[in-house]
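Welcome to this guided tour! Please open your viewer and get ready to select a few pieces one after another.

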Amino acid sequence: MTEELITIDDLIKKVLSYNPDADVEILRRAYYFSSEAHCSQKRIEGSPYIGHPLAVASILADMKMDTATIAVGLLHDTVEDTGTTAEDISGLFGNDIAFLVEALTKLSRMEFRTKEEAQAENFRKMLLAMSEDVRVMLIKFADRLHNMRTLQHLPENKRQSIASETLDIYAPIANRLGIGWLKIEFEDLSFKFSMPELYKELVRKVTKRKEEQEGYIREVTEIIEKKLKEEGIPGEVSGRVKHYYGIYQKMQRERITFEQIHDVLGLRIITDTKANCYAILGMIHSLWTPIPGRFKDYIGVPKSNMYQSLHTTVIGPKGERVEFQIRTEEMHGIAEEGIASHWRYKEKGELAEKDGRYISWLREIIQAQKEVPDAKEFLEAVKGEVVPEVVYVFTPKGEIKELPMGSTPVDFAYSVHTQVGHRCVGAKVNGRIVPLRYQLRNGDTLEIITSPTHGPSRDWLKFVVTQRAKSRIKQWIKTEERKQSIELGTKLLEGELRRHNLGPSILKSEDMQAVVRAFSMQSFEDLLVSVGYGKVSAHQVVNKLMPEKPAEEIAPKIAKPSKEQKGISIKGIDNVLYHTAECCFPIPGDNLVGFVTRGKGVTIHRGDCKNLERLAVDDARLVDVEWKPGGETTSPARLVVETVDKPGILANLSALISSVNVNISHLEASSTQDKKAHIVFVLEVKDRGQLTNLTQKIAQMEGVLRVKR
């Protein structure tokens with residue numbers, strides 16, 4: 001997308017077009033202040049920096065925001081990047097604007113040990129600020145959108161990183177806040193920069209399909225318009241094209257090729273009332289046969305982001321499938337603009353109670369996270385809660401509960417109360433007993449069976465989907481495991497002390513406190529936990545207590561690490577046996593996490609390995625791991641490729657892999673009844689960059705449906 005050059009006069013004209021009473025003087029002052037503050041700065045491609053704040057303010061004006069928010073768009077980088085202070089902003093522009101600028105500035109003023117920790121904490125702060133004033137998020141959205149529109153100027157690695165973050169976090173939150181157009185642009189731009197070749201190919205195919213079907217869509221539109229006139233129902237009919245990332249997602253989700261997708265093009269009908277929406281639906285179904293299972297009534301049961309529309313797919317003229325969306329003008333505004341539409345024309349004032357539902361989910365997350373103040377966990381909670389689809393279920397008293405798709409009775413129990421979740425031993429759905437891993441369906445009525453002597457099971461983490469349930473279960477297990485580890489650590493340490501003729505009184509001595517500090521622990525209890533888990537041995541503790549003894553008298557015999565792991569370094573632990581996990585095949589470039597297994601040393605996993613969540617509910621069993629720089633060694637990596645089952649596909653894949661100098665060390669292939677092939681490669685790769693490059697090349701091959709690690 002070519003960047004649009006905008007002036008302050010263009011911006012003011014745009015604001016006055018929807019808000020004739022806007023305070024344009026404050027916008028001019030904000031512009032001149034920002035222009036002066038950034039006068040010596042340039043963007044990476046060499047243009048004056050003021051172009052960025054102007055573009056951000058223009059995006060906010062496109063969203064029809066109040067003047068205070070647009071002024072902040074102009075000022076948002078002044079405190080962070082120049083000598084300006086928050087007091088300067090407050091004195092010149094007032095407290096409202098100063099609060100928003102300060103909220104945005106705080107996000108960039110923190111230092112962290114790792115990039116992941118910084119990202120997690122930034123989102124935590126941003127969402128906390130958003131819960132106080134949602135305009136913080138809308139300004140952040142505008143800032144990110146302009147950065148995405150100009151992403152081509154950044155180096156490849158930064159493009160990939162920013163695109164990935166936008167797709168993982170910004171797009172789902174925009175969706176949850178109901179801003180449909182923004183979610184689509186975030187997704188398509190992320191797709192464009194993270195998988196450029198695949199994106200170009202899809203754009204080409206969609207353009208071709210559109211050209212081929214333009215006449216057909218026009219024919220269907222004329223039939224609908226004629227019928228609406230006959231029935232006396234007002235309605236505006238327009239064609240719509242499914243966005244590129246949406247098409248890609250459908251190809252991945254349903255494991256089909258582009259040629260097998262029938263609803264790339266569709267029609268949208270906008271009418272005046274809810275009753276006419278249903279009347280038009282009936283009219284369409286009387287003209288053409290509806291496809292079973294493709295009708296969705298989001299008017300009767302709106303989505304969690306308040307999206308409302310009727311969706312139906314029919315067998316239209318000439319046997320072609322046609323998808324329709326039917327909604328009112330008001331519903332269309334909410335579908336496109338969501339929470340942003342509630343700031344139109346408002347110079348001051350908070351969200352109405354019904355509008356507050358947009359971020360009630362966020363307040364719940366924040367409340368839950370106060371008990372576990374870990375930034376990374378907070379980020380995962382947000383990822384888990386910005387789900388696009390939900391199910392609606394009933395309590396025995398008939399109250400409706402909204403839960404993410406895939407939720408189970410255990411998720412439901414924790415949504416009622418933590419203790420109901422902890423004591424859950426069974427569930428009845430619609431009067432009959434179901435397993436706790438049963439996936440809830442729309443309209444189910446649930447009754448939870450509890451026992452006062454029962455506690456959560458670690459196995460529950462395999463199937464619960466809500467962050468509330470996950471965090472409560474983990475907390476309970478952490479507490480229980482910590483108790484057990486303290487008991488075991490105490491026994492092991494006391495036994496080792498007796499072996500060296502030391503009494504238990506030394507446990508409370510100043511010498512022991514010195515040992516605690518030597519191991520960088522916060523307390524003696526933490527040391528006992530580490531001994532109980534095997535992260536620190538009782539031998540090592542006594543060795544620290546009695547440094548004058550020859551090391552060989554006390555030090556434990558430790559196995560030397562195998563040659564396989566010479567490129568890995570484990571923080572805080574020397575000479576310990578360790579190995580890479582075969583469930584996730586970590587390679588250089590991946591984020592690593594070590595998991596301490598009693599008696600077996602450390603198992604190295606990828607940071608995003610799904611098994612980690614099941615294994616490591618207690619941080620005491622996790623250790624920091626990193627790849628040592630340098631070296632030309634290769635590491636095994638697993639790649640799963642799903643293809644159309646046809647002759648030559650395996651040979652073509654093998655040839656492609658060989659062409660990029662990657663060795664295949666193992667291969668398994670099988671076919672399914674629906675004419676698909678499932679191929680698992682174990683490859684020897686240098687690093688994550690080489691694997692990502694290969695994955696993108698494979699994804700673009702004809703006949704390939706899906707590629708994943």
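Start by selecting strand β6, residues 321–328: 7 of its 8 residues are buried, so this strand is largely enclosed by the rest of the structure. Here, buried means under 20% relative accessible area, with exposed being over 50% and partly exposed in between, for a 1.4 Å probe and protein chains only. Helices (H or I, at least four residues) and strands (E, at least two) are DSSP runs, numbered from the N terminus.

Before you move on, a note on what you are looking at. This is a predicted model, in which local features need pLDDT of at least 70 and side-chain atom pairs count only at pLDDT 80 or more, while totals for chains, interfaces and linings use all residues. Residues are numbered from 1 along each chain as its sequence is written, and side-chain values use heavy atoms, with hydrogens and water left out.

Click on Leu-267, and you will find Phe-324 of β6 opposite.

Does β5 run parallel or antiparallel to β6? The answer is antiparallel, again with 6 bridges. Val-314 stands opposite Val-322 in β6. Follow the chain through the hairpin of β5 and β6: there are 5 residues between the strands, and Lys-318 takes a positive phi near 60°.

**Another hairpin**

Next, select strands β7 (residues 390–394) and β8 (residues 400–404), which run antiparallel and are joined by 5 bridges. Val-393 has Lys-401 of β8 opposite. The hairpin of β7 and β8 has 5 residues between the strands, and Gly-398 takes a positive phi near 90°.

**A pair of helices**

Time for some helices. Select α10 (residues 156–176) and α11 (residues 180–194). Their axes come within 9 Å and cross at roughly 160°. The axes are lines fitted to C-alpha atoms, for helices over the stretch in contact, and angles run from 0 to 180 degrees between N-to-C directions. The crossing makes α10 roughly antiparallel to α11, a label for angles over 145 degrees; under 35 counts as roughly parallel, 65 to 115 as roughly perpendicular and the rest as oblique.

Which residues make the contact? On α10 they include Leu-167 and Tyr-170, and on α11 they include Phe-186 and Phe-193. Contact means heavy atoms within 4.5 Å.

**A second pair**

Move along to α21 (residues 510–518) and α23 (residues 538–545). Here the axes come within 9 Å and cross at roughly 120°, which makes α21 oblique to α23. Show the side chains of Asp-511, Met-512, Val-515 and Ala-518 on α21, then Val-541, Lys-544 and Leu-545 on α23, to see the residues that make the contact.

**Last stop: an open sheet**

Finally, look at the 4 strands that form an open sheet in the order β18-β19-β17-β20, with antiparallel pairing. At the edges are β18 (663–671) and β20 (704–708), each pairing on one side only. Neighbouring strands of this sheet are turned by 20° against each other on average, direction ignored. Zoom in on strand β17 (residues 635–644), which runs antiparallel to β20 and is joined to β20 by 4 bridges. Select Val-640 to finish: the bridge partner in β20 is Lys-708.

Technical notes: Two strands pair if DSSP finds at least two bridges between them.
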